[in-house]
Amino acid sequence: MSAMPLSTSVVRVPKAGEMVAAQLRRQIVTGELREGDALPSETELMERFGVSRPTLREAFRILESEQVIQVRRGARGGGRVMMPDVSAAARYAGTLLQYRKATLADVHEARANLEVAAVATLARKRTAADLRALDDMLAEGEALLSDPPAFGKGYDLEFHRTLMQLAGNQTMIVLLDIVSTIIESHVENFLREHRGDTGAESKAAAAHRAHVKLVQLIRDKDAVKAETFWRKHLAQVKNFMIEDPEESVLDVLP
């Protein structure tokens, strides 16, 4: 009886530069290396990892592309640790969505799904500190009602981020930050195209009233009503801002 053939697949062995980058990345994300810290000299790192200078510089290029280090060239150059942020992921996600010809409606729906879940969580678990943060946001928004561009571009986007941050799920916060990068570009384009429109102040006031109502539902710990209300509000925002259902991410990102 013949033996059954084994299924095989190509095993990719990581390059030395990728392995060095992985070790340095781990030291950064665990806090062993902190923002602003200078990396050891190339000579010291080459000796520590047992690699050549080209391999070490490949690792540096990987980490630079991820924006977790900044490398200065020259005799007094070297690597310095940067705080990881969402901008690199947002740029990549934006490129991917452009390639897939994603519509702005799709992006707004993604934001709605993230925020509605966060709002329900926040309504169930909110603390006195959460309510103070939301009340501060409402006061900031009220002060900007006479300046609709500042309300829309600054305060309104920050209100959405605050909801997600207070809900506390770090993965959802990062995902919303990525989506918000695209929505922020959409808002900027929208405000530029509608500069001087009559009724802008009344629209800002309507948005602020929606924020006030949501905060009250969160204060009341009414997760079901908060979720339902916020989904309806975000659907109205999407319908108001998207004049062409086929408008794509390509239309708002550089």
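The residues lining the largest pocket of this predicted model divide into 15 nonpolar, eight polar and seven charged. In this classification Ala, Val, Leu, Ile, Met, Phe, Trp, Tyr, Cys and Pro are nonpolar, Asp, Glu, Lys and Arg are charged, and the others, Gly among them, are polar. The space in this largest pocket is about 820 Å³. To display the pocket, select Phe190, Leu191, Lys203, Ala204 and Phe240, the closest to its centre of the 30 residues that line it. Then colour helices H7 (148-167), H8 (170-193), H9 (200-219) and H10 (223-241), the elements that each give two or more residues to the lining.

The terms are as follows. On a 1 Å grid over the protein atoms alone, a pocket is an open set of points with protein on both sides within 12 Å along at least five of seven lines, whereas a cavity is a set where a 1.4 Å probe fits but cannot get out; lining residues have an atom within 4 Å of a point. Points are joined across faces, edges and corners, and a volume is the space filled by probe spheres set on them. Helices (H or I, at least four residues) and strands (E, at least two) are DSSP runs, numbered from the N terminus.

Residues are numbered from 1 along each chain as its sequence is written. Local features need pLDDT of at least 70 and side-chain atom pairs count only at pLDDT 80 or more, while totals for chains, interfaces and linings use all residues; side-chain values use heavy atoms, with hydrogens and water left out.

Next, move to the second largest pocket, with about 250 Å³ of space. Select Glu42, Arg57, Arg72, Gly77 and Gly78, the closest to its centre among 14 lining residues. Helix H3 (53-65), strand E1 (69-72) and strand E2 (78-81) each give two or more residues to this lining, and H3 provides the largest share, three residues. By class, the lining has four nonpolar, five polar and five charged residues.

Remain on helix H3 and select Thr55. Thr55 counts as buried because its relative accessibility is 16%; buried means under 20% relative accessible area, exposed over 50%, and partly exposed in between (1.4 Å probe, protein chains only). Its side chain makes a polar contact of 3.2 Å with that of Ser52. A polar contact is a pair of N or O atoms within 3.5 Å; within protein, one must be able to donate a hydrogen and the other to accept it, and residues adjacent in sequence count only if both atoms are side-chain atoms. Beyond neighbours within four places in sequence, Thr55 is in contact (heavy atoms within 4.5 Å) with Ala16 and Gly17.

Returning to helix H7, select His160, which is buried at 3% relative accessible area. Not counting residues up to four places away in sequence, His160 touches Arg111, Glu115, Leu176, Trp230 and Leu234.

On helix H8, select Thr181, which is partly exposed at 32%. The side chain of Thr181 reaches the backbone oxygen of Asp177 at 3.0 Å.

Finally, select Leu97 in helix H4. Leu97 is partly exposed, at 25%, and touches Ala102, Ile182 and Val249, residues up to four places away in sequence not being counted. Colouring by pLDDT (the predictor's confidence in each residue, from 0 to 100) shows helix H4 (residues 87-99) with the lowest mean, 85, and helix H6 (residues 128-143) with the highest, 97.
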